[in-house]
Structure formats: structure tokens, C-alpha cells
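Visitor: I should like to learn how to read the features of a protein model. Could you guide me through one, feature by feature?
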Amino acid sequence: MKNAYLTSHFPLISIILFSTSLSLYVEGIIIQKLYDLGIYQGMTEVFSESGIKLTLLFLLLLFFFMVFAALKLIANTMIELSLLFFSNDKEGVELTKIRSGSWLYLVGSVVSLFLFYHIMFILFIIIVVTLSYFVFFVYKVSSSLSSIGLIGMVFFHVFFWFAFVLSVSYAMTKLYNSFLASLPI
């Protein structure tokens with residue numbers, strides 16, 4: 001079967017599976033912290049244990065789903081902007097070429113679901129799949145790029161994601177430091 005929309009649901013499935021693996025890991029940490037602080041026993045008097053776990057899993061799944069969906073939206077925008085700026089393709093043929101790269105994320109998300117007990121493995125899989133997709137993307141669109149356009153596209157993506165990660169890290173550090181400064185110690 002040959003259909004341009006055959007893999008259109010793979011990003012959604014990948015986001016759900018990556019979100020599930022991260023949610024299961026974080027749920028275990030939160031429940032352990034609640035148990036260590038003595039809060040979990042009081043919560044079981046109001047909720048059942050399975051109710052607490054399912055509610056926590058649902059909220060974490062929703063949170064990680066929103067984060068990954070926002071990152072996918074930003075990534076798609078950056079890909080299309082880079083194609084606008086650097087590609088010679090006017091009909092959007094290059095966009096259909098890179099659609100098959102969603103297989104990489106689907107396979108990575110399935111693997112991460114089996115390794116949800118280890119956050120380093122999950123993060124490693126996300127990073128490796130993302131870098132693999134970037135190499136796949138550059139390879140697929142390189143036919144419509146000049147050598148200067150190829151260098152410009154790679155630099156555009158590297159610079160944007162470096163600035164994005166740096167600004168988010170800076171904002172989180174400032175928020176964390178202001179939180180620590182406000183504690184009455």
C-alpha cells in the first residue's frame with residue numbers, strides 16, 4: 001500500500017509512548033518521595049492506592065504530552081522555516097520526503113517504554129533519535145540545497161536549538177535560585 005498519509009499518525013503515537021515512559025518513571029519517584037515524607041499513608045485514607053497512582057499517571061502523562069507536543073510544533077516550524085530560507089524546493093516535495101523519518105521516533109518511543117525504569121536510557125534514546133532524525137532530514141533535503149544552503153540550514157538548526165535550550169536552562173536556574181532565596185532559612 002502506497003499512501004502519503006500512511007505514517008501521519010506516528011508522531012502522535014511516539015509522543016504518547018515517550019510521555020508514558022517518562023510519566024511512569026516520574027510517578028515512581030513522586031510516590032517514593034510521598035512515602036518517605038509520610039504523606040502517602042494519609043493520602044491512602046482518602047484515595048485508594050490505585051486511584052492515587054492512576055491520577056498521578058494521568059496528570060504526568062498530560063504534562064509530558066503537552067511538553068512533547070509543544071516541542072514537535074516548534075521543531076516543525078523550524079524545519080519549514082529552514083526549508084523556506086535555504087531550499088530551492090517550491091512545491092513542498094522535500095516535506096513529503098522527510099515524513100518517513102517519523103519511523104525513527106516511533107521505534108525510539110517503543111524502546112523507551114521498555115526502559116522506563118532508567119531515566120538516563122530514556123533521555124539517551126530521545127537524544128539519539130533526535131540526532132538521527134536530524135541527519136536523516138539533512139540527507140533527504142540535501143538534493144534541493146546548495147552547499148552554502150546546506151551549511152546555513154545546519155547552522156540555523158544548531159543555533160536555534162542551542163539558544164532555546166540555553167534560554168530555558170537560564171530561566172529554570174533563575175526560578176530555582178529565586179525559590180531558594182525566598183525560603184526562610
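Guide: Let us begin with a helix. The model is predicted. Helix α1 has 27 residues and reaches 39 Å from its first C-alpha to its last, close to the 39 Å expected at 1.5 Å a residue. After α1 comes Gly38, whose phi is positive, near 80 degrees.

Visitor: How many residues does α3 have, and what span should they cover at 1.5 Å a residue?

Guide: Helix α3 has 38 residues, and at 1.5 Å a residue these should span 56 Å. The end C-alpha atoms of α3 are 54 Å apart, which agrees with that expectation.

Visitor: Which residues of α3 are buried?

Guide: A residue counts as buried when its relative accessible area is under 20%. In α3 the buried residues are Gly51, Ile52, Leu56, Leu60, Phe64, Phe68, Met78, Ile79, Ser82 and Leu83. They pack against α1, α2 (39-46), α4, α6 and α7.

Visitor: How should I read a nonpolar core?

Guide: In soluble globular proteins, nonpolar side chains tend to be buried together. Here the largest nonpolar core has 16 residues, of which Phe18, Leu22, Tyr40, Phe68, Ile122 and Ile126 touch the most other members. Helices α1, α3 and α6 each supply at least two residues of this core. Apart from it lies another core, of 10 residues, including Ile79, Leu83, Phe136 and Phe137.

Visitor: With which residues is Leu22 in contact, leaving aside its neighbours within four places in sequence?

Guide: With those neighbours left aside, Leu22 is in contact with Phe64, Phe68, Ile119, Ile122 and Ile126.

Visitor: Is Leu106 buried or exposed?

Guide: Leu106, which has its place in helix α5, counts as buried because its relative accessibility is 13%, and the cut-off for buried is under 20%. Beyond its neighbours within four places in sequence, Leu106 is in contact with Phe10, Ile13 and Ser14. Leu106 and Ile16 are 90 residues apart in sequence, yet their C-alpha atoms are 9.9 Å apart in space.

Visitor: Why does Val111 count as partly exposed?

Guide: Val111 is also found in helix α5. Partly exposed lies between the buried limit of 20% and the exposed limit of 50%, and Val111 counts as partly exposed because its relative accessibility is 36%.

Visitor: Is the charged residue Glu94 buried or exposed?

Guide: Glu94, in helix α4, is buried, with a relative accessible area of 5%. Leaving aside its neighbours within four places in sequence, Glu94 is in contact with Leu83, Ser87, Asp89, Lys140, Val141, Ser143 and Ser144.

Visitor: Which helix gives the largest share of the lining of the largest pocket?

Guide: Helix α3 gives the largest share, with 11 residues. At least two residues of the lining come from each of α1, α3, α4, α5, α6 and α7. By class, the lining has 31 nonpolar, 10 polar and 3 charged residues.

Definitions and conventions: Residues are numbered from 1 along each chain as its sequence is written. This is a predicted model: local features need pLDDT of at least 70, side-chain atom pairs count only at pLDDT 80 or more; totals for chains, interfaces and linings use all residues. Side-chain values use heavy atoms; hydrogens and water are left out. Helices (H or I, at least four residues) and strands (E, at least two) are DSSP runs, numbered from the N terminus. Ala, Val, Leu, Ile, Met, Phe, Trp, Tyr, Cys and Pro count as nonpolar, Asp, Glu, Lys and Arg as charged, and the others, Gly among them, as polar. A nonpolar core is a set of buried Ala, Val, Leu, Ile, Met, Phe, Trp, Tyr and Cys residues joined through side-chain atoms within 4.5 Å. Buried means under 20% relative accessible area, exposed over 50%, partly exposed in between (1.4 Å probe, protein chains only). Contact means heavy atoms within 4.5 Å. The expected span of a helix is 1.5 Å times one less than its number of residues.
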